[in-house]
Amino acid sequence: MPDYIYLLENRLSADQQNALRQLREAVREAGMILFLTGDAVRDLTSGHAVRDIEVAVHGDALKLKKTVEKLGASVWGESEISHTLYLCFPGTVRVDVVSTHRMDYAKLGNPVYQAASIQEDLRRRDFTVNAMAISLNEGSYGLLMDPLNGAADIEARALRLVSNYGFIEDPSLLIRATRYIARLGWELDAKTKTRYENAKGDGAIEQLSDEGRSRELEQIGHEDEGLKVLRALEEEGWMKALFPAWTAAKADEERLKALHDLAVELLLQGIHPDMSAAQMQLLTAKLAPKDLAALKKLLLRPGFVEEWNGLDSMAATFAKVLLAKENSTASSSFKLFTSYDPEAVLWLGFTSKDKGVQERYHQFLKVWPEARQRIPHALMQEMRITPELGTYKEIVQRVFLELIDGRLTTPEEFRAFLEPHSPPAPPPQVTVKRQRAKRGEAKIKERTYDDDEEPEDAVDEDEELDDLGGDEDEVDLGLTPPKLDLEPEIGDELEPEIADDDLDGDESEPEVDAEPISSKHGGKSSSAAEKANPHSSAGKDKPAAGKNPAERKASAKAQSSVTEAKSVPAAVPAKASASPVGKTAPAGNTRKEDKMAKSKQTSLPGADIPGVKPPQVGDDLLPPGVKPPQVSGAVPITPMIPGVKPPQAASAEVLAPKPAVVGRIPGVKPPQALNARVVKAKPAAKKAKAAPVTKKPKAAAKTAPPKKKAKAVVKPAAKPVKKAVKPVKAKKAIGKSGKKR
């Protein structure tokens, strides 16, 4: 469905819009309601040019006569029977103001008019395509009223009667149907076509009313192609009922064609003449004067007849003005052409034989339009004179008038002429730049708020080197403690419990030569370890001396076992029982834990590396200088924990140890720093929950290079691939390998 507000604003000419605006003011003053009806609504909906305007008012339209005359409209006629005014607004805009009514037919061809609503008025119309209305009132402007679905018939290009008896009650509809078919090219629908043939065969045209005859005779002259419509009516036999003396043979066909060509050229130059009077003159050019006079008396609007009779006088007046001295310049003549009465301009250009007049028409239609091609649009764009400017059209028109007068020829003259009309340049655009934070600051904030995602490289290198422990007198043990990759939740839960146990037993236990393990977050793990074992700091500064390789190996082995046991939370509290070092306490492993241990062993690199011997049971009990026996076949199982790598033993590589915090684990005696003595471990407190897990030993893990100050320095081992699967979700890591300095 089209937007009728848009159509009213864009499809109507400026003169037609002005006429409707004045009518709305007049109706508002009279307290009436106004609707656009008839041919105008049909043409707006179908896309045809709007030729005539018809409006309907609730009330007596004759009461608006004085008001519209004050607004500048001319009254071309009126009908007391139907209460209709025939107006002509400036620009030759014909408007019929009709009072809403219905018609009752007591006798065929003689209707009786009665006031009615707009709905009843639409239902008494001729065809459904004409039975539509658009509101022109405040609050409902542009609202379409279509009670008979005329829009569908417009889409189907079909003419359908509103009343089944329309052709019989009003025979003028037979002539109107023929005229619409000739003008629009539409067809009657099947039922309407049948009724049309029946009414034509029954001679219903003989009941044609006088008002119907007058209306249809005048409408021939208002058609765009009057001669075509006249021939169509003559073929159907309707001209015999209208005016027998008027036929297509009475028209001047050649001059009619020339008149249409001239009207098209004027349209291209912005002049919109109404050809009705001029066309009527040519359609009746060969008609006898007596018949012509009789025809003029039968026409509906006397004002139209006056315009027809005054064509020659209007043309003569325009010729005098055109050839006057004040209009001798091209610009003044152009202004006169575009501001004078369009009908006078059309008829003078069509009938004048004066050479001066013909020369002016030639310049106006052929020569001056070429000057529009020389308008410097690029220069105007450069000087910010664009179509968005309110006075753009006026500036272009002034440039055009200067061009046809021959006063602007060079670019300098154009620029000088346009300079006063050029708007000032806009201020430079201010760009606000946002300062971007440095990458280092962003990383620091990230690490502050999310310690779980802190990379290993964030730990200071000096702190890592300090965690390795030892000084110039420190001797490497030849083994490295296992790398602990257990979940931080486990470590966090066990640290305070073990710390409490350590505090309980520190009074009776001797000092142990050990160093706390540095965790992933350095400071946090170190502080927790110091609280758990306050004596460990002393052992870090004073390493044990006088140990042979076997003793050092046993001490490192004990530290690894202690660290592994500390990292595992036990589901059931373990009873403290002192067992010999090297013997594993029996523990029932679940199937899930065995599976995890096997997958861990097979996934870790270095599981079957030649030259690497697995850790043996009881290595810490061998006397100094005695090698442990080699294991062939089944290897004794040592307690292993999922996610913890066992100590590695590369054949030709000695690594700097990473001491761990010595804890108290049931069934394990930690080694002492002096004389390689084995000290019994104090039973753990009830809070400590540790469940020993028996697993197979793992292969060699990655090794780290020793400090430069260490006495025994060897090459670092190849860095193995990280483990593929972690058994438990991790937040923090407890242990961390050192980096090469």
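Modeller: Let us begin with K200, which counts as partly exposed because its relative accessibility is 33%, and the band for that label lies between 20% and 50%. Please bear in mind that this is a predicted model.

Biologist: What makes E236 partly exposed?

Modeller: E236 has a relative accessible area of 29%. Buried would require under 20% and exposed over 50%, so E236 is partly exposed.

Biologist: Why is the contact of K200 with E236 called a salt bridge?

Modeller: The closest N and O atoms of K200 and E236 are 2.8 Å apart. The rule asks for a side-chain nitrogen of Lys or Arg within 4 Å of a carboxyl oxygen of Asp or Glu, so the pair qualifies. K200 lies in helix α9 and E236 in helix α11 (residues 226-236), 36 residues apart, and the pair thus links distant parts of the chain.

Biologist: How do you know that K193 and E197 are separated by about one helical turn?

Modeller: K193 and E197 are four residues apart in helix α9 (residues 190-201), which means a separation of about one helical turn. They also form a salt bridge, with the closest N and O atoms 3.4 Å apart; the cut-off is 4 Å. K193 is partly exposed at 39% relative accessibility, and E197 is partly exposed with a relative accessible area of 39%.

Biologist: Where in the chain do E54 and R125 lie, and are they buried or exposed?

Modeller: The side chains of E54 and R125 meet in a salt bridge of 2.6 Å, N to O. E54 belongs to strand β2 and R125 to the loop between α5 (118-123) and β8 (133-135), 71 residues apart. Both E54 and R125 are buried.

Biologist: What makes strand β5 largely enclosed by the rest of the structure?

Modeller: Seven of the seven residues of β5 (residues 93-99) are buried, so the strand is largely enclosed. In a regular strand, side chains alternate between the two faces of the sheet. Both faces of β5 are covered: V93, V95, V97 and S99 are buried on one side, and R94, D96 and V98 on the other.

Biologist: Which strands pair with β5, and in what sense?

Modeller: Strand β2 (residues 53-57) runs parallel to β5 and is joined to it by five bridges, with A56 opposite V98. Strand β4 (residues 84-89) pairs with β5 in the antiparallel sense over six bridges, and Y86 stands opposite D96. Two bridges are enough for strands to count as paired, so both pairings meet the criterion.

How values were computed. Residues numbered from 1 in each chain as written. Predicted model: local features only at pLDDT ≥ 70, side-chain atom pairs only at ≥ 80, totals over all residues. Heavy atoms only, no water. Buried < 20%, exposed > 50% of the residue type's maximum accessible area, 1.4 Å probe, protein only. Helix = DSSP H or I, 4+ residues; strand = E, 2+ residues; numbered from the N terminus.
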